[in-house]
Amino acid sequence: MHSRMHPRYYLDADIFEREQRKIFCKVWLFAGLKTLLTQHNAFITRKIAGLPVVIQNFHGELRAFENVCLHRSALIQTEPVGRRPLVCAYHAWRYDEQGQVAHIPDADTLYRLNSEEKCGLKLRRLALRNIGNLLFINLDASPFPLEEQFSPEFIALLESSSNAYDTEVMVTTWRGNYNWKLAYENLRDANHPRFVHPQSLAKVVDFRPSVDEALLQESSQGLPDSSASALRGELRRFSYGGKDATIDNMQHFSWHALVERWGQEDAYYNWLAYPNLHIASGNGGHSFTIEHHVPVAPGCTDLEIYRFTAKKRQPFAFSNSVLLAEMHGSKLVVGEDIQIMEMVQSALHDAAPLPTQGAYESLNRLVERWYETLMETEHGV
C-alpha cells in the first residue's frame, strides 16, 4: 500500500521547531482538569509548546496567563498544582484576576515606576476553554474557534464523559525516547493490541481492525486542496471517540457500585483529540485514564498519565488504593507501547526504508498527508 512518512519527520530538530510553531502554537491543546480548580486561588501550571502557563481560579472564574513575572522573569506559581494568590515569590509582585500588577512592595522608593509604566505591567492572557471538565488552551494571539478543531459530536461526547470525572486524581509523568507522532499512529492502530499486549489489554478486549473502503480510496490520493483554510478544515477529522469494542466478560469490583458510572455498556471507550490527547475507559465508564503526550524534542516525549474514577456516590476509604491499582494497570499497558515506540525510534535514520502501510491504516495516512503538506508549505493551521 503506502509508505509511512520519511524518517526526517521523527528526527529533525528544525522540523520539530516547525511543528511547535505551526501546530502546537496554533491549535487548542489539553491543559488540565477543571476538577482540580474548584476553589478560589486554586491553580495548575503547565509548560505548553515551551511556554510556562498558569491556570487559576479567581472567585469561580478560570483564567490562563503566561506564568512569568514581569519583574525578573521568575515563575509566579512554582508548583504543578496548589492554592495561593498570584504572587511572585522572588520580590512579591502581586497580580490581580486580570493579570494586572496590583501591588509592588516599596514601589515608589525602590522601583520609581510612573503610572503609565505601572498600567502597562500586565501578564499575557491566553485563550482558555473548557469542554465539561477538560480544559483547552490556545497560545495564538487570535485563536480560531475550538468548534473548528472538534466536531459537534465529538465535543458532546467529551462533555458528557468528562462531566462524570471524580475530583480525586492521581498523576504521573513518564519520559520516553520516542517522537510524539508515533504514539498517535499507534493509538489509531487497532491491529497492534493482539501482538503488543497479548497478556494485558488483549486478554480483556478483542479489538477488531477493519478496512474502511472509502478512506482507503481517499488516502491513496493526494490532498485535493492545500490552502490554509482547507488544512484547517481537515482538523476535525482527526479527533473522534466512543465505543471501541465490547468487553464480553468484564470484571466487576466492589468499588464499581460506589461510583456513578458513565454509560451503561460493558465496553472499552476511546477518545483521541488531535494532536496529543488520549482518553480511555477500559471498564465500561467506571474509571478513566488520560494520556497526554507532550513533545520535548524530536526523540523525546513526556507522557502524563491521569487516573480517576467516575464521580463517587459517597467517599470511600480505599479510593486511593483503587487509583494506585488502576495506575499500575495503565503503566503496564503503556509500558508495552513505549517499549515498541522506543524500538521504532531507535531504528530510524535518514536513509531508513519507508515502512509499507496496510489498507486498514487509511486514517493514519490521511493524518500524515495533512501533516506533510503543513510542514512543507508556508501555511499554519
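A charge is said to sit over a ring if NZ of Lys or CZ of Arg is within 6 Å of the ring centre and within 35 degrees of the ring normal. By that criterion, Lys-331 lies over the face of Trp-174, at 5.0 Å from the ring centre. The model is predicted: local features need pLDDT of at least 70, side-chain atom pairs count only at pLDDT 80 or more, and totals for chains, interfaces and linings use all residues. Residues are numbered from 1 along each chain as its sequence is written, and side-chain values use heavy atoms, with hydrogens and water left out.

**Charge over ring**
- The charged end of Lys-181 sits over the ring of Tyr-10, 5.1 Å from its centre.

**Aromatic pairs**
- The structure holds 20 aromatic pairs (rings of Phe, Tyr and Trp, the last by its six-membered ring, with centres within 6.5 Å; planes under 30 degrees apart count as stacked, over 60 as edge-to-face and the rest as tilted).
- Phe-288 and Phe-308 form a stacked pair, because their ring centres are 6.1 Å apart and their planes stand at 25°.
- This pair links distant parts of the chain, 20 residues apart: Phe-288 belongs to strand β15 (residues 287-297) and Phe-308 to strand β16 (residues 300-309); strands are DSSP runs (E, at least two residues), numbered from the N terminus.
- Phe-288 and Phe-308 are both buried (under 20% relative accessible area, 1.4 Å probe, protein chains only).
- Ring pairs join Phe-288 and Phe-308 with Tyr-165, Trp-262, Tyr-269 and Trp-271 in a cluster.

**Glu-304**
- Strand β16 also contains Glu-304, which counts as buried at 14% relative accessibility.

Terms used:
Helix = DSSP H or I, 4+ residues; strand = E, 2+ residues; numbered from the N terminus. Buried < 20%, exposed > 50% of the residue type's maximum accessible area, 1.4 Å probe, protein only.
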